[in-house]
Amino acid sequence: YAEFLTPLQGSGVKRNGEADATLSKAGITAQKLRHLDILLVDPWMIRVGPHQGVPRPIDLRVPNPASFIAQKLLIQSHRPPAKRAQDLLYIHDVVELFGAELPALKALWEDNIRPALPRKTGRRVIELAGESFSSVTDMIRDAARIPQDRTLSPEHLRAACQLALAQILT
């Protein structure tokens, strides 16, 4: 499965009032995203091949977890409520998956990602991390209800993200 992405420029709304969410070229549809450039800062290389259902080995670049989190925080205000909750859950799941790597993610943020961002954008990521997980909100409650395969309390989601992001971003 591959998903194509392209930068979203402008307001995100076409002149006719429709959402400007995708771009189609040569039979391929790409989702438009804000702050896509952050996902390209110091990507991780992974090799996939026959074990993953790919006929021959190929190297792929994927966003590192710290860049992924920063981008999800920055796009929150532009997303519909259901997508915001989903993004908060994604942040939580990345924190859970890479929790043992927090010092490495902090170094990645400090050494590679933050220096690549405009100063104001780097500060905004830190502010948004604090605002998003400072208390249990309806958005966090909605995010905790999304997983069908596990029980997740809103307080656990909030606390895990607040703690991890404080360690990564400060």
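Author: What follows is a set of questions and answers on a predicted model.

Reader: What makes β1 and β3 a pair of strands, and which way do they run?

Author: Strands pair if there are at least two bridges between them. Strand β1 (residues 5-7) and strand β3 (residues 28-33) are joined by three bridges, so they meet the rule. The two run parallel. Within this pairing, P7 stands opposite L33 in β3.

Reader: How do you know that β2 also pairs with β3?

Author: Four bridges join strand β2 (residues 22-25) to β3, and the rule asks for at least two. This pairing is antiparallel. L23 stands opposite A30 in β3, and K25 has I28 as its bridge partner there. β2 and β3 form a hairpin with two residues between them. A26, in the turn, has a positive phi of about 50°.

Reader: Why are β1 and β2 called edges of the sheet?

Author: The open sheet has three strands in the order β1-β3-β2, and its pairing is mixed. Each of β1 and β2 has a single partner strand, so one side of each has no neighbour in the sheet. From one strand to the next, the twist averages 35°.

Reader: What holds paired strands of a sheet together in general?

Author: They pair through backbone hydrogen bonds, in a parallel or an antiparallel way.

Reader: How many aromatic pairs are there, and why is the one of W44 and F98 called edge-to-face?

Author: The count is two aromatic pairs. For W44 and F98, the ring centres are 5.6 Å apart, and the limit for a pair is 6.5 Å. Their planes stand at 75°; planes over 60 degrees apart count as edge-to-face, so the label applies. The pair links distant parts of the chain, 54 residues apart: W44 is in strand β4 (residues 44-48), while F98 is in the loop between α2 (81-97) and α3 (102-116).

Reader: Why is the pair of F68 and Y90 called tilted instead?

Author: The ring centres of F68 and Y90 are 6.4 Å apart, with the planes at 55°. Stacked needs planes under 30 degrees apart and edge-to-face needs over 60, so the remaining label, tilted, is used. F68 lies in helix α1 (residues 65-75) and Y90 in helix α2, so the pair ties together parts that are 22 residues apart in sequence.

Reader: Are these residues buried, exposed or partly exposed, and what makes them so?

Author: Buried means under 20% relative accessible area and exposed means over 50%, with partly exposed in between. W44 has 34%, so W44 is partly exposed. F68 at 23% is partly exposed, and Y90 at 32% is partly exposed as well.

Reader: Which residues make the nonpolar surface patch, and why can L60 belong to a patch?

Author: I46, I58 and L60 make a nonpolar patch of about 220 Å². L60 sits in strand β5 (residues 58-62). Its relative accessibility is 34%, so L60 counts as partly exposed. Patch residues need over 30% relative accessible area, and the value for L60 passes that cut-off.

Reader: Where is T137, and why is T137 called partly exposed?

Author: T137 lies in the loop between α4 (119-132) and α5 (138-145). Its relative accessible area is 30%, which falls between the limits of 20% and 50%, so partly exposed is the label. The C-alpha atoms of T137 and A107 are separated by 30 Å, and these residues are 30 residues apart along the chain.

Note on methods
Residues numbered from 1 in each chain as written. Predicted model: local features only at pLDDT ≥ 70, side-chain atom pairs only at ≥ 80, totals over all residues. Heavy atoms only, no water. Patch = residues over 30% accessible without salt bridge, like charges linked within 9 Å, V, L, I, M, F, W, Y side chains within 5 Å. Areas by Shrake-Rupley, 256 points an atom, 1.4 Å probe, with all protein chains shown as cover. Salt bridge = Lys/Arg side-chain N within 4 Å of Asp/Glu carboxyl O. Buried < 20%, exposed > 50% of the residue type's maximum accessible area, 1.4 Å probe, protein only. Axes fitted to C-alpha atoms, helices over the stretch in contact; angles between N-to-C directions. Phe/Tyr/Trp six-rings, centres within 6.5 Å; stacked < 30°, edge-to-face > 60°.
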